[in-house]
Structures are given as structure tokens and as C-alpha cells.
Amino acid sequence: MSILLSEDTTFIVQGITGREAVNLTRECLDYGSKIVGGVTPGRKGRDVHGVPVFDTVAQAVEDHGGPIDGSVVTVPPAFTKDAVFEAIENGVELIVIVTERIPRGDVAQMVELAAMRGARIIGPNCLGIIVPDVIKMGGIGGPARDAAKSYTPGPVGVMSRSGGMTTEISSTLSAAGLGQSTAVSIGGDAIIGSAYAELMPLFEADDQTEAIVIYTEPGGRMEAQLSDWVRDNDSRLPIVAFMAGRFMDEMPGMSFGHAGTIVEGKEDTATEKIARLAEAGITVAEEIAEIPDLVKAKLAEPTTA
């Protein structure tokens, strides 16, 4: 199994005629993904690698002859909110937002509408989702041949605030014989659609997933939310984390990495986050290279009834 995606998942690409989107479309098609249309206003009648282009999401849905499961949004920041609203109002339930530097107010409105309509947003400022050897939605893993080297089927779910580190961690796991059930680049902005704790119930319900690896950074409250969720729900899944940017604790006021790495107080520091994770039974690796052995050790532990 997997979460969020399956071999039958259909999706569109909004902003499909942009340079990045053209490349992303090719990569996804080569991987076996089912892209059923693209949307760029004023470009109806064209195609991108054989994918028909429409002026609106409604036209794409009509042409498909039924609901479309997802959308990858690659439009410029000023137009992202309108694109996401359009997708949600036309029944799209999974939206991967690649675009970065979207105004926070716009992101908050998108997340609120998605919650009201029963849709899910991944991102913004993310590379998307991949189910190894089945489907990828977004630029995650890069070209299909590269994605096939880094991502392999297996029992470990991966969640990361960094798109590049999603692939780095998955590649490290794959090299050690630990494949992935689903890997999700959740986005590096201060406000995102789906944080660790919001994806955990999906992994928890997935029979294929036996462990979780997360890549995280200083700033924000996502790790505290995850720790609370693990304790409150008596999670069956062992979790290994890697915390980047530990040096920030010694350099107050310094900016590091993504927009979401804003340390507003002591609780946001790497040291405090590591402590919170440990209290919830989550092991924090000192180095990326340690992750596979830590996961194997967790998987080897006897389960309690």
C-alpha cells in the first residue's frame, strides 16, 4: 500500500507551460504517473509532452469525463491562491504546491478552504510525493531514472521539510536495503498544508509502513505536534529523526535554510526540539549515515501487545 497516491491516481499540472512545469511533467510521465491535463489560461488546444492543455480546471475535468484526484501547482506566487481555489472548487482533493514565496495570508486562506472542502494540501515550497516504482507527483527525485535509483519500495515512510533531503534520506535508506512506502516533501515554509502530525494517521493506517524517518529543522511547532500525537495515539510506528541546523542555537537571530526556520523562542530551538522528540520515544540521529542502522534496530525490537 501507500499513502495519498496509488497507481490509479490522476492529476493535472496547473501552469503546465512554464519551463519548470514542462520538465516536471516529463519526469512524472516517464515515471508512470497519470497526468490527464494541464492548465494555463490562454493556452487551450496546445499540449505538453502529449498532455492536453486547457484554460481552466473545469475544462480539464470535463475533458477527463469525471473527477480528477490531484493537481501540481507551479504558477507564480501572486496567482497561486487563485489556482488552488479553482482546483478545490472543481473537486480536486490533493494539491501539491511547488511554488515558493507565496504570501502567508494567501497560504492561510488556501489551507482553510482545503479543510472546509475536505481537500489536502502538500506544500507550499515542496517537491511533492512519491510511491516508489508506482507514481510520483511533483519534481521529487528529479528525472525518472534518478528517482528510480534513490527510491525503492519498502517499509519506511519518509517526511521532510527539505525536498532535496527527502531524496538524500531515501537514497541512504535504499542503499542500506530499506525501501520506502511513501516519501513526502512537506514543504519548508512557515505555514504548510500538511505537517508531520497530520500525515501520521495515514502512515499509521498503512499496512506497508513499519517505521518513519523525518528530516526537520529549527523553527515552528511541528515537532512538538508530532511528539504530542505519538504519545496521545500510542503510535505503533518507530520514528527516527534528523535535526539539521543545530548550530543555530549558538547564533541567535541567524537565518538558516527554509522560510519556516524562524526561531521565535526557546521552544523552537534545535536543542528543545530534540528533547521533545526524545521524550516521545523518537530517536534523533547525529548524522544522516546513522539513520539506516537506527531504523533497523527499531524494526528489530519486539512489539508489545
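Predicted model: local features only at pLDDT ≥ 70, side-chain atom pairs only at ≥ 80, totals over all residues.
**Helix α8 and its surroundings**
- Helix α8 spans residues 222–232, and its buried residues are Met-222, Glu-223, Ala-224, Leu-226, Ser-227, Trp-229 and Val-230.
- Leu-226, one of the buried residues of α8, touches Tyr-196, Ala-197, Met-200, Ile-214, Ile-239, Leu-277 and Ile-282, leaving aside residues up to four places away in sequence.

**Helix α9, with a buried side and another side**
- Helix α9 runs over residues 270–279, and Ala-270, Lys-273 and Leu-277 are its buried residues.
- These three lie on the same side of α9, because they cover an arc of only 65 degrees around the axis.
- The buried residues of α9 pack against α8, β13 (239–243) and β14 (283–285).
- Gly-281 follows α9, and its phi is positive, near 85 degrees.

**The nonpolar cores**
- The largest nonpolar core has 47 residues, and Met-159 and Leu-226 are the ones that touch the most other members.
- Helix α7 gives the most to this core, contributing five residues.
- A second, separate core holds 24 residues, among them Ala-60, Val-92, Ile-102 and Ile-121.
- As a general background, nonpolar side chains in soluble globular proteins tend to be buried together.

**Val-13 in strand β1**
- Val-13 sits in strand β1, which covers residues 10–14.
- Val-13 counts as buried because its relative accessibility is 0%, and the cut-off for buried is under 20%.
- Leaving aside residues up to four places away in sequence, Val-13 touches Ala-21, Leu-24, Thr-25, Ile-35, Gly-37, Gly-38, Val-39, Val-72 and Thr-74.
- Val-13 and Glu-62 are 49 residues apart along the chain, and their C-alpha atoms are separated by 15 Å.

**Thr-216 in strand β12**
- Thr-216 belongs to strand β12 and is buried, with a relative accessible area of 0%.
- Its contacts, not counting residues up to four places away in sequence, are Arg-161, Tyr-196, Glu-223, Phe-242, Met-243 and Ala-244.
- Among these contacts of Thr-216 is Glu-223, which is one of the buried residues of α8.

**Cysteines without disulfides**
- A search of the whole structure finds zero disulfides.
- For Cys-28, the nearest cysteine sulfur is that of Cys-126, 12 Å away; a disulfide would need the two sulfur atoms to be within 2.5 Å.
- Cys-28 counts as buried because its relative accessibility is 0%.
- Cys-126 is in no disulfide either, and its nearest cysteine sulfur is that of Cys-28.
- Cys-126 is buried too, with a relative accessible area of 4%.

Technical notes: Residues numbered from 1 in each chain as written. Heavy atoms only, no water. Buried < 20%, exposed > 50% of the residue type's maximum accessible area, 1.4 Å probe, protein only. Helix = DSSP H or I, 4+ residues; strand = E, 2+ residues; numbered from the N terminus. Arc of directions from axis to C-beta. Contact = heavy atoms within 4.5 Å. Core = buried A, V, L, I, M, F, W, Y, C linked by side-chain atoms within 4.5 Å.
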